[in-house]
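This report looks at aromatic rings, charges placed over rings, and the surroundings of a ligand. Please view the sequence and the model together while reading.

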Amino acid sequence: MSAFHFDGLVWHWPIAIYLFLAGLSAGAVFFAIMLKHFKLAERAYLSPFVQAAALIAPIAVCAGLGILVIDLTKPLAFWKILVFYNTSSVMSMGVLVLLVYQLVLFAWIGSVFSLPVNKWLDGRFYLLTKCLTLLARHEDIITGVLVILSLSLGAYTGFLLSALIGFPLLNNPVLPLLFLISGLSSGAAATLLGGVLMRGNPNGIEVKFIHRIEIPMILVEIMLLFTFFAGLILSGGQSQVAALNAIGEGFWGWIFWGGVVGVGLTLPLAFNLWMKVSSDRKFTYVAVTASFSLLGVLLLRNFILYTGQMTGV
Amino acid sequence: MDTSKRRFLKGCGGAIAGVSVYSMTRQPLARDAAEESEVKYAMLHDENLCIGCNACEDACREVNQVPIGVSRVDIVRTGPFGEYPEQSYRFSRHSCQHCEAAPCVKVCPTGAAYIDKETGIVAVNEDRCVGCQYCIAACPYQIRFINPVTKVADKCDFCQQSQLTRGLQPACVLACPTEALVFGNLKDPNSALVKTLKSKPTYRQKVDLGTRPKLFHVRTVDGEIVL
Ligand code: SF4
Ligand code: SF4
Ligand code: SF4
């Protein structure tokens, strides 16, 4: 059995990338909102980190959706997903969340950046100015709705797979939570990476704030991963077979222990703890840690998708 | 700040109330419609009568225009069991189980995979299918496939589109030389299907998943006991 081609494999890596990008977008937005709410307030639009998140979130979610569409066997029929709904289908509901999310996301970006944009417009495009002012006035509502939507989107990426009842590794109640948390941490990492690339201060309050949240988040992620596999192994039967197939010897076992646990969780945790004691953060530290977590989450998505489909009930 | 927060909460409350009222009104209706129909088709495969001739596979391919490389029904052969010359094989049918609680129908985003209320057949609406393959991944029996010609999720539909519209039995049933396949209406106590179901012990696959399949099997006397 090869790692990328085996009997029963239906969904390939494009789906993993789609799940990764959707979670990343939700996470970036979530952290941008937190940054603005707890640290930056009115000056949020000046922060390269918030700017990075405002760029990354829409690009990631649109790219993800694009990949999903291309991966259909009938890409041109995509509009049918938007027209016909099935309330019992996670995918259908997810697409709905995704659409509303995108809309509210753009509204939020408009409201956060209304001040500088309106200044730059300087009276031109009267209608646009008025729109942005209106959005800015309702920023608190937009923000509240966007927080809920981003969390739903993050969890949806897990629910999409956990609805597949034929695979014990996927049909698992911990999976949505695991994907939500790892999606959030990939969003945090993308925000940090984008921020420092856009000449944000690697020792600024934004980085300190995000890193402070990241340490407990990585710990929760490790705990969830442990619960995930311990639960499967203790269930016995095919669940146990599936779990041991996934994290045992072989290509995906290496990806899990080396990539997901090693590069994705342990190293960022170690770096973060170290950065906490050493007061000075440098560009390379922030960039490398963020890249490691991003890589880890991307590998986790592929690992779960492939090993999940390897063992059926 | 405070008024907008209140407005936001009110909106949320309204949405939740709306959703709950909607779901309360919707469900009983759906149940009624399912109970009305007089017809519920099912199939039985008698592994003791099956000789593994593959006539069913060929007939299905021809009648339903199934392209080479994919198939709606497979007869899976295991064995040989026993010592020469007393050797035997086991043949089991691998095709759509027409689940009452069909996972494929549940996950399909467009409703292209649907249960025909009149007959209980799990069918595919080709026009609506976008080819997301969610149903293929969701089917625990792994019998759905993408038809390479139409690009649509395809599977056995009890010949809903071909034979049944002409009042005929499914192609595989007619083609079987040993009458190992029995097709009929579960709600008709006089049908050959119900009579066979009541006279022979049958099993269904993966019932513990709660899919309530409508493909019954009579276990062969050949083969080995697997624990
Ligand atoms: S066997 Fe598979 S394709 Fe057929 S109804 Fe059940 S879930 Fe759907
Ligand atoms: S492949 Fe077609 S039938 Fe299957 S879930 Fe997607 S839209 Fe529905
Ligand atoms: S019932 Fe019809 S579609 Fe199903 S396997 Fe038999 S011939 Fe094929």
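## Ring pairs and a cluster

Rings of Phe, Tyr and Trp (its six-membered ring) count as a pair if their centres lie within 6.5 Å. By this rule, ring pairs join A:F228, A:F229, A:F256, A:W257 and A:F303 into a cluster. The structure is a predicted model.

Over all chains, a search of the whole structure gives 18 aromatic pairs. One of them is formed by A:F228 and A:F229, with 4.9 Å centre to centre and 90° between the planes. Planes over 60 degrees apart count as edge-to-face, and the pair of A:F228 and A:F229 is edge-to-face. Both A:F228 and A:F229 are buried.

## A stacked pair between two helices

A:W252 and A:Y306 also form an aromatic pair; the pair is stacked, at 5.3 Å centre to centre with 15° between the planes. A:W252 belongs to helix 11 (residues 251-277) of chain A and A:Y306 to helix 12 (residues 283-310) of chain A, so this pair ties together parts that are 54 residues apart in sequence. A:W252 is buried, as is A:Y306.

## Charges over rings

In chain A, the charged end of A:R301 sits over the ring of A:F179, 4.1 Å from the ring centre. In chain B, B:R77 lies over the face of B:Y89, and the distance to the ring centre is 4.3 Å.

## Around ligand 1

Which residues are the closest to ligand 1? They are B:C96, B:Q97, B:C99, B:C104 and B:C139, out of 14 residues that surround the ligand. Sorted by class, the shell around ligand 1 holds 10 nonpolar, 2 polar and 2 charged residues.

Terms used: Residues numbered from 1 in each chain as written. Chains lettered and ligands numbered in written order. Predicted model: local features only at pLDDT ≥ 70, side-chain atom pairs only at ≥ 80, totals over all residues. Heavy atoms only, no water. Near = heavy atom within 4 Å. Nonpolar A, V, L, I, M, F, W, Y, C, P; charged D, E, K, R; others polar. Phe/Tyr/Trp six-rings, centres within 6.5 Å; stacked < 30°, edge-to-face > 60°. Buried < 20%, exposed > 50% of the residue type's maximum accessible area, 1.4 Å probe, protein only. Helix = DSSP H or I, 4+ residues; strand = E, 2+ residues; numbered from the N terminus. Lys NZ or Arg CZ within 6 Å of the ring centre and 35° of its normal.
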